[in-house]
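User: I have a model open and want to go through it piece by piece. Can you start with a side-chain contact?

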Amino acid sequence: MTVCRGVRGATTVDTDDRDEILKATTQLLALMIRRNDIQTSDVASAIFTVTKDLQSEFPALAARQLGWLEVPLLCSYEVSVERSLPRCIRILLHWNTDRSQSEIHHVYIRDAVKLRPDLNVVPSVDFEELEQWIQEHLRDDC
């Protein structure tokens with residue numbers, strides 16, 4: 001039976017820089033897609049949040065650049081809480097799938113592993129291979 005499940009992910013950047021935000025978001029989204037074998041046509045919507053110290057770009061642009069032209073996307077600020085993780089980008093995908101909740105792989109990378117130590121067991125990432133996959137999926141018109 002197909003149901004809508006949430007897939008969470010988070011990453012961080014070192015500085016509030018447009019290219020860095022897009023690269024980090026693209027890497028995170030690519031890992032979420034690959035770890036869960038997500039097809040774009042099964043994504044109902046996605047919410048991207050950033051901490052208030054990130055203002056250089058909409059992280060959802062990374063999804064558009066990967067071809068998510070028909071997926072409803074929303075960007076917002078994360079709630080500012082004292083001691084919260086700075087320069088953090090979060091993604092919540094709403095995914096139509098037949099997988100159970102326990103079969104979903106959430107992805108926390110870089111300093112964002114601190115957010116969910118219980119979920120940050122991600123196989124080692126070959127970032128060079130990941131970048132090749134991203135380049136194969138990037139659109140030139142976004």
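Analyst: The side chains of Thr49 and Glu78 make a polar contact at 2.6 Å. A polar contact is a pair of N or O atoms within 3.5 Å; within protein, one must be able to donate a hydrogen and the other to accept it, and residues adjacent in sequence count only if both atoms are side-chain atoms. This is a predicted model, where local features need pLDDT of at least 70, side-chain atom pairs count only at pLDDT 80 or more, and totals for chains, interfaces and linings use all residues. Residues are numbered from 1 along each chain as its sequence is written, and side-chain values use heavy atoms, with hydrogens and water left out.

User: Where is Thr49 found?

Analyst: Thr49 sits in strand 2, residues 43-50. Helices (H or I, at least four residues) and strands (E, at least two) are DSSP runs, numbered from the N terminus.

User: Does Thr49 count as buried or exposed, and why?

Analyst: Thr49 counts as buried because its relative accessibility is 12%. Buried means under 20% relative accessible area, exposed over 50%, and partly exposed in between, with a 1.4 Å probe and protein chains only.

User: Which residues is Thr49 in contact with, leaving aside neighbours within four places in sequence?

Analyst: Ser76, Tyr77, Glu78, Cys88, Ile89 and Arg90 are in contact with Thr49 on that basis. Contact means heavy atoms within 4.5 Å.

User: Switching to Val125: where is its place?

Analyst: Val125 is in the loop between strand 5 (107-108) and helix 3. Val125 counts as partly exposed, because its relative accessibility is 24%. Leaving aside neighbours within four places in sequence, Val125 is in contact with Leu31 and Leu130.

User: What share of the contacts with a separation of 6 or more comes from residues 24 or more positions apart?

Analyst: Such residues account for 85% of those contacts.

User: What are the dimensions of the box the C-alpha atoms fill?

Analyst: Along the principal axes, the box is roughly 40 × 35 × 30 Å.
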